[in-house]
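Please look over the sequence and the model shown here before reading on.

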Amino acid sequence: MSGIFKAYDVRGIVPAEINEEIARRIGLAFQLVLDADDRALGNTVVVSRDMRSHSAPLAQALIEGLTAGGLDVQDIGLATTPMNYFAIGHTRAAGGVQVTASHNPAQYNGFKLSRHGARPVSGDHGIPLLEQKVAAGDLPRAEKPGTVSHGSVFEDYRSHVLSFLKEPEVGARKLKVVVDAANGMGTLYRPILEATGIELTPLYFELDGTFPNHEANPLKEENLRDLEAKVKETGADLGVAFDGDADRAAFIDEHGEAVGSDLMVGVIAGELLAREPGKAIVYDLRSSRAVHEWIAEHGGIPVRERVGHSFMKATLRKRDGLFGGELAGHYYFRDHYYADCSLLAVIEVLNLLRTTGKPLSALVAPLRRYAKSGEINFEVADKQAKMDELAYRYADARIDYLDGITISYPTWWANVRPSNTEPFLRLVLEASTPEELERLKAELIGMLGQPAEH
């Protein structure tokens with residue numbers, strides 16, 4: 001059972017690792033995760049689910065556990081994870097749970113858990129306690145069970161997201177946008193996308209938890225090929241790919257080329273800072289140096305943070321930040337309860353395309369200052385020993401240990417960190433020129449071993 005409790009959520013294969021009995025126990029244990037601040041807002045927990053075939057029975061079992069523990073449940077049914085976060089904040093609930101395995105294949109499922117204000121329950125706050133209580137069977141039942149109510153937050157969420165949309169000028173050309181929902185929860189966004197005034201070309205907008213067309217993981221290049229081809233075929237201005245629970249988005253420019261999510265953080269940050277200069281923008285430490293530079297150049301305060309939504313959200317709150325984002329395609333907004341909202345990222349990109357009249361490639365071009373590798377994975381038996389070896393080899397660099405080890409020189413930097421979710425060391429490398437990048441990549445691969453096939 002211990003393998004299902006991850007750094008950011010609970011996730012595993014159904015039914016071998018996650019089943020209705022486990023869901024019921026997690027529901028019963030959730031009362032112990034909520035603290036006095038959560039309880040001050042009442043006793044209600046928002047529950048929603050994705051479209052996987054096992055999500056409905058798992059959600060039902062979870063609700064049985066929550067109510068047996070004395071919590072009231074607001075069941076909002078099928079929803080994206082950002083809609084779950086919105087519902088928690090909007091209804092001032094004590095917490096919430098989204099039943100989903102995000103971008104994982106069809107045989108997986110799990111739970112994304114939040115406290116009040118969409119604050120994450122994570123490996124640093126709550127998940128170890130949850131694991132301990134579930135394993136020990138320390139699951140007290142309430143004398144008076146909680147109640148269940150049903151409702152929808154869709155219309156409120158729709159109004160919330162569209163409130164950030166800038167209206168196109170009278171007579172302006174309609175933007176053509178191709179959106180790949182990957183048969184996942186992004187399908188629910190169709191009426192909101194259509195309400196933005198774009199000419200929408202939908203790809204795989206049928207809910208199907210077997211993911212018949214491709215995995216709902218836009219980080220993998222092979223999952224973007226259909227979208228890239230459709231952007232080229234239709235002459236679209238923009239392509240967007242959502243993951244399974246629609247909390248992440250990948251962007252494709254008008255040439256059918258994928259744009260790194262770190263560069264998109266910079267692009268969106270520039271738009272938001274034009275409205276509120278002087279605010280903090282949080283970015284993860286795998287991001288290009290250009291992102292830090294761009295934020296500063298646009299009057300913002302760049303804040304570098306370790307990888308992971310719990311760290312990003314906590315820092316965004318602490319710094320009263322405006323916006324943040326990660327290389328994995330999560331975009332965090334102060335005005336969305338400091339939580340991720342892929343659809344708000346799409347709205348801000350549409351705003352930029354309309355107000356500047358520039359194509360996405362031109363908006364991104366000023367951030368393409370350096371040559372950068374993607375994330376390269378290595379299976380390493382002793383991860384700490386390997387990072388120590390890197391520290392010794394590059395002892396004359398500026399080194400920090402915010403997340404793994406980051407080695408910085410004037411013309412290049414590299415981060416090597418242990419994955420929070422998989423048995424890998426992950427390398428990201430950036431250099432001033434493509435030639436320097438290739439030389440350093442070969443050097444570092446020589447030290448870390450053959451890249452894993454992943």
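## A helix across the sheet

Helix α3 lies across β2, β3, β4, β5 (108–115) and β6, and runs at about 170° to β2; here helices (H or I, at least four residues) and strands (E, at least two) are DSSP runs numbered from the N terminus, contact means heavy atoms within 4.5 Å, and axes are lines fitted to C-alpha atoms, for helices over the stretch in contact, with angles from 0 to 180 degrees between N-to-C directions. Together, β2, helix α3 (residues 55–68) and β3 make a right-handed β-α-β unit, where right-handed says that, with the strands pointing away from the viewer, the path from the first strand over the helix to the second runs clockwise.

This is a predicted model, in which local features need pLDDT of at least 70 and side-chain atom pairs count only at pLDDT 80 or more, while totals for chains, interfaces and linings use all residues. Residues are numbered from 1 along each chain as its sequence is written, and side-chain values use heavy atoms, with hydrogens and water left out.

## The open sheet

Six strands, in the order β1-β5-β4-β2-β3-β6, form an open sheet whose pairing is mixed; two strands pair if DSSP finds at least two bridges between them. At the edges stand β1 (10–13) and β6 (148–150), each of which pairs on one side only. On average, and with direction ignored, neighbouring strands of this sheet are turned by 20° against each other.

Strand β2 (residues 44–49) runs parallel to β3 (residues 72–78), to which six bridges join it, and Thr44 has Asp72 as its bridge partner in β3. Five bridges join β2 to β4 (residues 95–99), again in parallel; Val45 has Gly95 as its bridge partner in β4, and Arg49 stands opposite Val99.

## Helix α15

Helix α15 (residues 434–448) has 15 residues and should, at 1.5 Å a residue, span 21 Å, which agrees with the 21 Å between its end C-alpha atoms; the expected span is 1.5 Å times one less than the number of residues. After α15 comes Gly449, whose phi is positive, near 100°.

Glu436, Leu437, Leu440, Leu444, Met447 and Leu448 of α15 are buried, that is, under 20% relative accessible area, with exposed over 50% and partly exposed in between (1.4 Å probe, protein chains only). Seen down the axis of α15, its buried residues fall within an arc of 95°, so they line one face of the helix; the arc is that of the directions from the helix axis to the C-beta atoms. What covers these buried residues includes α14 (383–393) and β21 (412–418), whereas the face turned away from the buried side carries the exposed residues Glu435, Ala442 and Gly446.
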